[in-house]
Amino acid sequence: MSEENSGVPAAATAAASSVPVGGVPYTTEKLTRTGKPATMSMMALAMMNIAMLAGVGNDVQMAFYGLSSVTYYILGAILFFIPTALVAAELATTWSRRGGIFRWVGEAIGPGTAFFLVFTLWFFNALNFGGAPASGAATIMFFTDRYNFAIQFADDPGKYIGASGEFWIMIGWLAFYWLLIILSTKGIKFFSKMASWGVTIGTIIPLGLMIIGIIFYVALGHKIYISFQPVNLIPQWQGMSTLALAASVFFSYAGIDMNAAYIKQLKNPRAEFPKAMIIGMFGSLFIFMVGTLIIAMIVPESQINVLYTLNQVFHEVGAMAGIPWLYMVLAYAGIFNTVAGVITGFAGPSFMLGAAGRSGFLPKFLQNVNKHGMPSKLMITQGIIMTVISFMMELFPNIEGFSIMLTQALTVLYLVYYIIMFIAFLRLKYQQPNRPRGFTVPGGRGGAWTVAIVGIVTSLFGIIMSIWPPAQVSEEVGSPAVYVWSIIGICVACVAIPYIIYAFAHAASKKAAANHEINPWVDPDNKFSPFTWQIEGFSKPSKSLSNVPVDVLSYDQAPMGMPIRHPFSPNAKLADVPQLVQENAETWSLNEASGNN
């Protein structure tokens with residue numbers, strides 16, 4: 001499952017013993033620290049992790065299941081979140097150069113599969129956000145003080161404003177999303193602060209108000225609509241719908257690895273990235289469980305509505321305190337949560353795809369980076385895809401069946417993304433066993449296999465549930481067979497797009513190598529380091545016994561797609577690397593975090 005590289009000369013050989021093996025001499029001067037220590041704090045990254053995963057608005061659907069929702073959330077954390085977080089932490093703190101999932105999979109399997117994954121992540125987010133503006137009309141009246149009318153309006157917006165009114169509300173939401181896309185192009189430091197404030201105002205403060213409210217609600221003797229008997233922790237078996245629910249909860253934790261794109265912006269990536277993952281996990285689990293239980297305690301199961309139940313909770317709590325308009329606070333605070341989610345969702349995948357693309361994987365017209373270091377054209381392209389999907393969902397109501405199949409197909413591809421990530425993790429355990437790791441999954445190779453197998457099996461379970469035809473399939477797409485084959489067809493089409501782009505990129509690379517020219521798809525000024533196997537002279541991912549850290553191998557190298565400046569042997573030892581090179585590599589890496597390389 002490995003792939004051919006793009007024409008990097010194999011200057012190093014396995015038999016070589018000197019470090020490095022020829023190439024351009026290193027500088028004999030000692031580098032000095034420059035600039036501020038980092039462009040992102042550990043807490044900012046933790047808040048971005050929470051923004052990717054959690055929000056009180058996501059708790060409503062699970063409130064149907066009362067106390068058993070706690071079991072679903074804990075199982076999801078154990079079977080999917082923890083394996084994903086552990087694997088991502090080891091990969092990100094070891095192969096910590098720019099690129100995230102592209103870097104990790106490219107090191108283990110090859111650049112073609114790596115490009116497919118980062119493109120899929122980018123495409124998934126564009127389509128996923130496309131459904132939001134079209135559904136924004138239903139809850140628009142909760143921004144006013146007309147609570148009872150807002151409930152009636154949410155049940156049937158078309159009755160009051162007609163199709164044209166819904167269309168213009170969608171236009172308004174689209175304009176707001178485009179504003180967020182523009183803001184997300186303003187640089188990592190800017191949007192990480194926006195995400196932090198968005199999570200604080202849009203999630204943490206509303207959750208705090210809910211906790212205070214439920215304390216007074218219970219103290220004043222109001223009726224609680226769920227039982228806290230331990231037996232209710234056990235989910236009730238309702239056939240395939242129970243399994244489908246479990247799968248949906250498990251993958252509410254998906255996306256924690258996406259913010260690995262910013263690992264080089266941390267002051268101390270090896271220590272801070274795992275901490276940010278842990279805070280993100282426990283913070284999200286707390287938001288999921290506490291928010292869901294409070295909703296279930298206040299609103300009877302028969303009255304729960306995914307559109308406006310959260311507003312109902314705040315209205316009930318506010319009325320108890322003499323401020324029935326409290327639900328409006330939630331509505332406006334929710335805008336900040338949207339800000340955090342949209343900015344993080346657009347910036348992360350585009351940042352990863354843009355970094356990889358400039359090293360020879362995207363056409364030149366998509367490679368631009370603005371003055372803030374963000375790939376603005378890629379982000380605008382995402383926005384265009386989002387806009388097209390929004391218009392399709394609004395203008396063609398009978399497209400609902402296709403929309404469902406598209407969503408499920410993307411879910412399948414997203415889970416394939418994680419399966420490949422787990423496979424890459426295991427391959428790197430054997431391909432690069434001696435590479436120094438900043439964080440290691442506990443338990444040695446046995447622990448690594450356990451974590452990876454649990455993650456792979458859980459992802460396969462999610463794929464089966466995504467393809468399994470729902471009960472209402474005949475109403476939406478015609479037949480189970482049409483449903484399944486349509487999803488498979490959409491998946492094939494979505495896989496073909498990045499591989500076609502990669503085929504053109506690979507052809508351009510081979511042609512340039514044959515003519516001894518620089519690949520025209522490569523930006524010579526890109527900051528994307530070569531893969532370690534390229535530095536060690538291989539044409540594809542291969543076994544390396546070197547114990548030289550990735551930062552030392554990457555120090556002072558030309559960008560990916562350019563000739564290797566300092567080839568290393570795959571048997572190189574850190575002890576043989578000059579001390580000045582090791583020290584300069586560490587300083588260089590720290591300078592990079594502050595944006596000075």
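**Reading burial, packing and charge pairs in a predicted model**

Me: Which residues of α1 are buried?

Reply: In this predicted model, the buried residues of α1 are Met42, Ala44, Leu45, Ala46, Met47, Met48, Asn49, Ile50, Ala51, Met52 and Leu53. The helix is thus mostly covered, with 11 of its 12 residues buried.

Me: What covers the buried residues of α1?

Reply: An α-helix has 3.6 residues a turn, so residues three or four places apart point the same way. Here the cover of the buried α1 residues includes α2 (68-94), α7 (188-219), α9 (269-298) and α11 (326-357).

Me: How many Å should helix α1 span, and how far apart are its end C-alpha atoms?

Reply: At 1.5 Å a residue, the 12 residues of α1 (residues 42-53) should span 16 Å. The end C-alpha atoms of α1 are 17 Å apart, which agrees.

Me: Which residues touch the most other members of the largest nonpolar core?

Reply: That core has 166 residues, and Ile101, Phe102, Phe115 and Phe142 touch the most other members. Helix α13 (residues 400-431) gives the most to this core, namely 18 residues. Leaving aside residues up to four places away in sequence, Ile101 touches Leu117, Val118, Met352, Tyr417 and Met421. There is also a second, separate core of 13 residues, which includes Tyr26, Val548, Leu553 and Ile564.

Me: How many salt bridges does the structure hold?

Reply: Side chains of opposite charge can pair when their charged atoms come close. The structure holds seven salt bridges. In one of them, the side chains of Lys429 and Glu90 meet at 3.0 Å, N to O. Lys429 lies in helix α13 and Glu90 in helix α2, so this pair ties together parts that are 339 residues apart in sequence. Lys429 and Glu90 are both buried. Glu90, Lys429 and Arg437 are linked in a network of salt bridges.

Me: Which parts does the pair of Asp523 and Arg358 tie together?

Reply: The closest N and O atoms of this salt bridge are 2.5 Å apart. Asp523 lies in the loop between α16 (480-514) and α17 (532-535), and Arg358 in the loop between α11 and α12 (376-395), so the pair ties together parts that are 165 residues apart in sequence. Asp523 is buried, as is Arg358.

Me: With which residue does Arg565 form a salt bridge?

Reply: The partner of Arg565 is Asp556, with the closest N and O atoms 3.3 Å apart. Arg565 counts as partly exposed because its relative accessibility is 28%. Asp556, at 26% relative accessibility, also counts as partly exposed.

Note on methods. Residues are numbered from 1 along each chain as its sequence is written. This is a predicted model: local features need pLDDT of at least 70, side-chain atom pairs count only at pLDDT 80 or more; totals for chains, interfaces and linings use all residues. Side-chain values use heavy atoms; hydrogens and water are left out. Helices (H or I, at least four residues) and strands (E, at least two) are DSSP runs, numbered from the N terminus. The expected span of a helix is 1.5 Å times one less than its number of residues. Buried means under 20% relative accessible area, exposed over 50%, partly exposed in between (1.4 Å probe, protein chains only). Contact means heavy atoms within 4.5 Å. A nonpolar core is a set of buried Ala, Val, Leu, Ile, Met, Phe, Trp, Tyr and Cys residues joined through side-chain atoms within 4.5 Å. A salt bridge is a side-chain nitrogen of Lys or Arg within 4 Å of a carboxyl oxygen of Asp or Glu.
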